[in-house]
Amino acid sequence: MSKRLHFENLPKIPIKLKKKNPLNQNLDDRTTSRFFETLNDYQESDVLNLNKNSKELEPTANKVWYPTNWKQHLCNIRIMRENFTAPVDTMGCDQCADSSASSTIFRFQTLVSLMLSSQTKDQLTYEVMQRLKEVDCSPESIVSLSDEGLGKLIYPVSFWKRKVQYLKKTSKIIIEKFNGDIPKNVKDLCSLPGVGPKMAHICMQIAWKEISGIGVDTHVHRISNRLKWVPAPTKTPEETRNVLEKWLPRELWGEINHLFVGFGQVICHSQRPKCSDCMNRNICPFAKSIYQF
């Protein structure tokens, strides 16, 4: 699946570019700053010409709170994400499952990759999934492996010993309770050992092609708070999800996780974010509180 597929069939905010962006460049940490020097030539007020009279993406409910400049934040992040490839684009959980396998196995492998990805970098999750697929990576094969054997395959993902137990218990439940396929709703997915709301919502989107909610991980949680997409600071990703879903138009829910994760991996780091490289630097509350742009 190419990166472009993540942005197809999504609501578009009107964008007027002052000059053409050099799209589809792969950037690492050494070249990111150099590339974004070209974006400094843009004047954000000229780059983004939002139609203020448009009701296309306005919340429809009465008295719904929504953040200042949220449309422009989103436009800018979309533009930046189109100009670099982040780890999530090539090694994210939507890239880990065997696309040539049966739909049942594809869904199971998607769930496994999400379970492994908790507090683990995409690169490592992807590597581990390649090893698991060599031994089939089906519910039956996971159950048949010894704890030691499964541990050797998934090491060194974070909390690998705990995840061995989660994977084996979840695989057994899927075989015995769900006829060998993963559940098709968030409630049943969250009933599986080691599966939380973030994993469940992302799994619904990738495996079942259904948008059930916003997948909020540490990146989405951090960026939402920095941009003040929440009216007051939130303490957990789940709290952030509940707030976002109250005001963000539902047609945008499926875009946010992938968009923000890649942005967080390359620009909006948890430590030493590259605010000077960010097109939102003049309208980001976090950046303005630390730097003078």
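Tutor: Asp181 is buried, with a relative accessible area of 15%, where buried means under 20%, exposed over 50% and partly exposed in between, using a 1.4 Å probe and protein chains only. This is a predicted model, in which local features need pLDDT of at least 70, side-chain atom pairs count only at pLDDT 80 or more, and totals for chains, interfaces and linings use all residues. Residues are numbered from 1 along each chain as its sequence is written, and side-chain values use heavy atoms, with hydrogens and water left out.

The partner of Asp181 is Arg107, in a salt bridge with an N to O distance of 2.7 Å; the term covers a side-chain nitrogen of Lys or Arg within 4 Å of a carboxyl oxygen of Asp or Glu. Arg107 also counts as buried, at 12% relative accessibility. Arg107 sits in helix α5 (residues 103-117), while Asp181 is in the loop between α9 (160-177) and α10 (186-190), so the pair links distant parts of the chain, 74 residues apart. Helices here are DSSP runs of H or I with at least four residues, strands are runs of E with at least two, and both are numbered from the N terminus.

The structure holds 7 salt bridges. Another of them joins Lys168 and Asp147 at 3.3 Å, N to O. Because Lys168 lies in helix α9 and Asp147 in helix α8 (residues 147-154), this pair ties together parts 21 residues apart in sequence. Lys168 is buried at 18%, whereas Asp147 is partly exposed at 37%.
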